[in-house]
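Visitor: Please take a close look at one part of this model, the aromatic rings and how they pair. Begin with the chain as a whole, so that I can follow.

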Amino acid sequence: MKTFAIGLLSVGAATALVAAAAQPQAPEPRLNQIQVVGTHNSYSQGIDPQLLAMADTIVGPRLAARMETLTGPAKAAALEYHPNLGSLSQGLTYRFPSLPAQLDAGMRSLEIDINNDPQGGRYAHPAGYAALKAKGVPDADVLPHDMTDMDKPGLKVFHIADFDVRSSCNLFRTCLGQLRHWSDAHPNHEPIFILVEAKSDALPIFPGSTTPLPFDRAAFAEMDQSIFDVIGRDHLVTPDEVRGSYPTLEAGVKAQHWPTLSASRGKFVFLLLTAFDPVALAAYHEGHPNLEGRAAFLRASPGESYAAFLLMDNATMRAKEIPALVKQGYLVRARADIETYEARVNDLSRANQAFRSGAQIVSTDFYKPGNGYGTPYVVRLPGGGAARCNPVNAPADCRLQK
């Protein structure tokens with residue numbers, strides 16, 4: 001009797017397996033058919049409040065005067081990316097834990113600003129700290145500034161020279177090493193989108209301010225090589241992979257030639273921003289019209305041969321354009337909050353619009369409770385988790401399988 005029962009169970013189990021195999025499998029999404037939340041200026045450790053106060057009195061009038069001079073398309077563009085411009089201190093009141101801690105919390109996009117320093121030491125003595133000292137502020141009353149590796153050659157990580165310089169990892173290679181170490185410890189993680197912004201704008205707030213170096217071919221060669229060396233080519237989704245045999249990268253994008261989610265697990269996607277600086281743009285794509293051999297996708301506009309990644313921060317203004325572009329195959333980054341305004345007034349409408357738009361990456365400065373404004377504002381991926389099926393372009397019955 002016991003043997004007979006076991007036999008029946010075996011037959012039943014076999015029947016269930018056959019039935020399950022006969023069921024159509026839920027279609028697997030591709031890399032561009034998911035949505036994640038990320039952070040903006042993810043390395044930032046915050047600015048000393050005394051530096052912020054000093055800078056406000058200097059920069060505030062300059063920003064107001066500059067906005068007054070803008071007209072036509074230039075003003076429209078400025079208002080799109082700075083829709084609720086407040087004081088400098090209001091816009092920069094945020095800070096983050098380490099990059100691995102953010103990944104532990106479910107962030108699947110991080111932003112790292114890089115600054116060219118081939119000789120080393122160019123940014124090792126911030127003028128803002130010298131200005132505080134000249135004002136008589138004791139060192140003990142100033143937020144500590146970690147100087148580790150600032151004297152070494154290599155790309156440095158900070159937001160604004162001489163001012164917003166406190167970073168959780170000073171060298172780009174150090175930041176990359178932290179990412180790779182976390183990835184190795186979580187080998188099946190969702191793809192992680194790393195925005196890299198090449199900084200070169202001067203903001204001479206204090207006496208003796210440093211003039212940032214521009215990004216040239218050598219600087220971008222260093223960036224790419226650092227990514228290849230530390231992250232590893234086998235841990236990357238590259239423009240070459242998406243282009244495949246198509247004549248241009250954009251053609252591959254529009255053909256939906258992104259890898260599947262399962263093929264992208266454990267990997268990174270690097271996305272390069274240059275603020276449309278024509279010199280830096282040319283330095284990265286000239287000789288590489290489809291980003292051949294490059295480590296990163298370059299911010300582009302539709303119609304360019306290398307167009308794959310679009311920056312459309314203002315999802316409220318681009319509520320119609322973003323879904324259409326996402327459906328075409330482009331990868332889009334939008335912001336849930338811009339210069340902290342939404343956190344200050346506790347308004348989730350921009351975040352909700354960004355999620356509805358289908359932008360694959362939605363960045364926030366406030367992914368956990370406890371902001372500097374005393375509001376309950378916090379941004380989380382709808383439904384929870386580290387990634388979800390994209391609400392605009394994911395296949396029907398999409399499932400994210402581990």
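Guide: Of the contacts in the protein chain between residues at least 6 apart in sequence, 77% join residues at least 24 apart, a contact being heavy atoms within 4.5 Å. This is a predicted model, in which local features need pLDDT of at least 70 and side-chain atom pairs count only at pLDDT 80 or more, while totals for chains, interfaces and linings use all residues. Residues are numbered from 1 along each chain as its sequence is written, and side-chain values use heavy atoms, with hydrogens and water left out.

The protein chain has 15 helices and ten strands (DSSP runs, H or I of at least four residues for helices and E of at least two for strands, numbered from the N terminus). Its C-alpha atoms fill a box of roughly 90 × 50 × 40 Å along the principal axes. Of its 402 residues, 51% count as buried, which means under 20% relative accessible area, with over 50% called exposed and partly exposed in between (1.4 Å probe, protein chains only).

Now to the rings. A pair of aromatic rings is described by the distance of the centres and the angle of the planes. Rings of Phe, Tyr and Trp (its six-membered ring) pair if their centres lie within 6.5 Å; planes under 30 degrees apart count as stacked, over 60 as edge-to-face and the rest as tilted. By this rule there are ten aromatic pairs.

One of them joins F96 and Y367: the ring centres are 6.5 Å apart and the planes are at 15°, so this pair is stacked. F96 sits in the loop between α4 (88-91) and α5 (99-104), and Y367 in the loop between β9 (361-364) and β10 (388-389), so the pair ties together parts that lie 271 residues apart in sequence. F96 is buried, at 4% relative accessible area, and Y367 also counts as buried, at 9%.

Another pair is formed by F215 and F220, with ring centres 5.2 Å apart and planes at 35°, so it is tilted. Both partners are buried: F215 has a relative accessible area of 2%, and F220 has 0%.

To return to F96 and Y367, ring pairs link these two residues and Y94 into a cluster.
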